[in-house]
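Please keep the sequence and the 3D view at hand as you read.

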Amino acid sequence: MELNRADSNDEIYTGVLRYKDDDYQFVFSDTKLRLIPCSEKQRSSMWKFGMKEITKGTYTQDEPPRMEEDILVGNCNESRKQIIFLPKKGAYISKQNSVLFIDLKAYIICKYVRDSIDRISFNAPEINCIHPTNQAIECTLDIEAFMNSGTFSVTARDFECTTTKRQPFVVDGKNVSVYFGISRMMSTKIWEPPMTLSSNMMFEFDATDDYRFVLRLWYIGKQFIQFLCYRKNVEFSKVELAAPCEDGTHETFAELYVLDEGVDTEIQTLKDGRYIKQAYISGHEGQILSDIASEKLYLRHLPDSFQSGKHIDAARFVMITAAFEWEFDRLCPDGICKSKERVEAEFIVSQKLNELIDTSSGKTKKIYKSLLKCIERRPSLANKIEKIGSDMGALLEPFGQQLYGFNKEELNYTDMGKRLGDQRNHFAHGDLDKDFIGLSLLDLIFLQRIIYAMQLKISGLEDKQIQRAINDLFQCRFAI
């Protein structure tokens, strides 16, 4: 039977599903799916599981089978609800007695059986802030009437004015669109608010029965919210799946649960406004999502939480500088233009080194070749920081001047690049005997803001919107 769950971690589902052309009783709780053979014949032959027949009637231990199925579809015993399991493909299937244990990535609880999905709706505390729910209401307040009788009126705005325009993006060659909207829920129950507003992020796409694609969209959606909050600990409170209707509308029929690591949302960071509002990136959501889907947008440096982001160790230092270099190559694919004099000087030196290489041998030749590579090598981290400071100085200057001014230092991109480059090399090469370059920590704090400016610039945002986004995300407290 299926038990009503008290919370997302207290659930048990039982029923029947088909696997490898056989029916199994299933028991699902926590993150494990257990399959129990239905028939006595199945149970009596389970000893062969994970065994290899070397000669007729003779078996030896073999490597456990791996999960090859994309999905497993079960029917719950009492409710008759359909449950779709998405196992970890390629993971080993373990066995204890005659019970099979299967690791899962996600599962879907279906209120109704439908053949396809064409929309995913995401809800989370972060989304309620990124696309504020309070924009859906208008309050009419007569101060005198309110003070005397406590009366006021609240009106909900229509869906059209609280729904953003659809923005297209592409995932694995498939067209998807994203938009934000606000749902309303009315209740007459005395223990519930009479009206509840919830902001939702929607992904719409051509109807599909590819549940792996749906799961991929879930991960892309989560990375998108992580990017807008500059932290990884975001979690969707509800993810609903909808099927297409003949009249062009959508019918919500299922909920998706991904067995990701549970996280505690940092509500205080939301209260502080540490996130990028949808209004700032309006019209560019699709570009950001496309870059996430194609793994062009660098996200590996995001801290696990806002609190952990306050602490910088060697690994995080290197990852932030790596993020800058990655985004620099995207923003400046042609690298740094050299002056005519520099190009001519490098040409002359290269010619002379090539002559020396041709007339040398052994270790001397190798040294000359390494010197030639020094001329041909890509710009250094310091060169790149200096270039961004020159190109984006007007956009970045308010944040840099404020940060360095508070610390009684002067913003200089040349010095900043040298300090960061030297300290990054100390960490990367294990130079434990070198003293830590103290000011490089201040440089790294500023570099995080530079990275966001570069990423949002690549996505097509105007400078003023980029400044607003950085101002909110890092709580710089400028009036922009």
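Gln-475, which follows helix α16, has a positive phi, near 50 degrees. Helices (H or I, at least four residues) and strands (E, at least two) are DSSP runs, numbered from the N terminus. This is a predicted model, in which local features need pLDDT of at least 70 and side-chain atom pairs count only at pLDDT 80 or more, while totals for chains, interfaces and linings use all residues. Residues are numbered from 1 along each chain as its sequence is written, and side-chain values use heavy atoms, with hydrogens and water left out.

**Helix α16 and its cover**

- The buried residues of α16 are Ile-466, Gln-467, Ala-469, Ile-470, Asn-471, Asp-472 and Leu-473. Here buried means under 20% relative accessible area, exposed means over 50%, and partly exposed is in between (1.4 Å probe, protein chains only).
- Among the elements that cover these buried residues are α4 (211-229), α6 (278-281), α13 (393-406) and α15.

- Ser-459 sits in the loop between α15 (439-458) and α16 (463-473).
- With a relative accessible area of 6%, Ser-459 is buried.
- Leaving aside neighbours within four places in sequence, Ser-459 is in contact (heavy atoms within 4.5 Å) with His-284, Gln-287, Ile-288 and Asp-291.
- A polar atom of the Ser-459 side chain lies 3.1 Å from the backbone oxygen of Gln-455.

**A nonpolar patch on the surface**

- Ile-137, Leu-141, Ile-143, Phe-146, Met-147, Phe-152, Val-154, Met-186 and Met-195 form this patch, with about 880 Å² of accessible area together. Such areas come from the Shrake-Rupley method with a 1.4 Å probe; for residues, only the protein chains shown count as cover.
- Patches are made of residues with over 30% relative accessible area and no salt bridge, joining nonpolar side chains (Val, Leu, Ile, Met, Phe, Trp, Tyr) within 5 Å and like charges within 9 Å. A salt bridge is a side-chain nitrogen of Lys or Arg within 4 Å of a carboxyl oxygen of Asp or Glu.
- Helix α3 (residues 143-149) gives the largest share of the patch, 3 residues.
- Met-195 lies in strand β15 (residues 195-208) and is partly exposed, at 32% relative accessible area.

**Cysteines**

- How many disulfides does a search of the whole structure find? The search finds 0 disulfides (pairs of cysteine sulfur atoms within 2.5 Å).
- Cys-38 is in no disulfide, and the nearest cysteine sulfur, that of Cys-76, is 14 Å away. Cys-38 is partly exposed, at 33% relative accessibility.
- For Cys-129, the closest cysteine sulfur is in Cys-229, 8.2 Å away and so too far for a bond. Cys-129 is buried, at 18% relative accessible area.

Definitions and conventions
A polar contact is a pair of N or O atoms within 3.5 Å; within protein, one must be able to donate a hydrogen and the other to accept it, and residues adjacent in sequence count only if both atoms are side-chain atoms.
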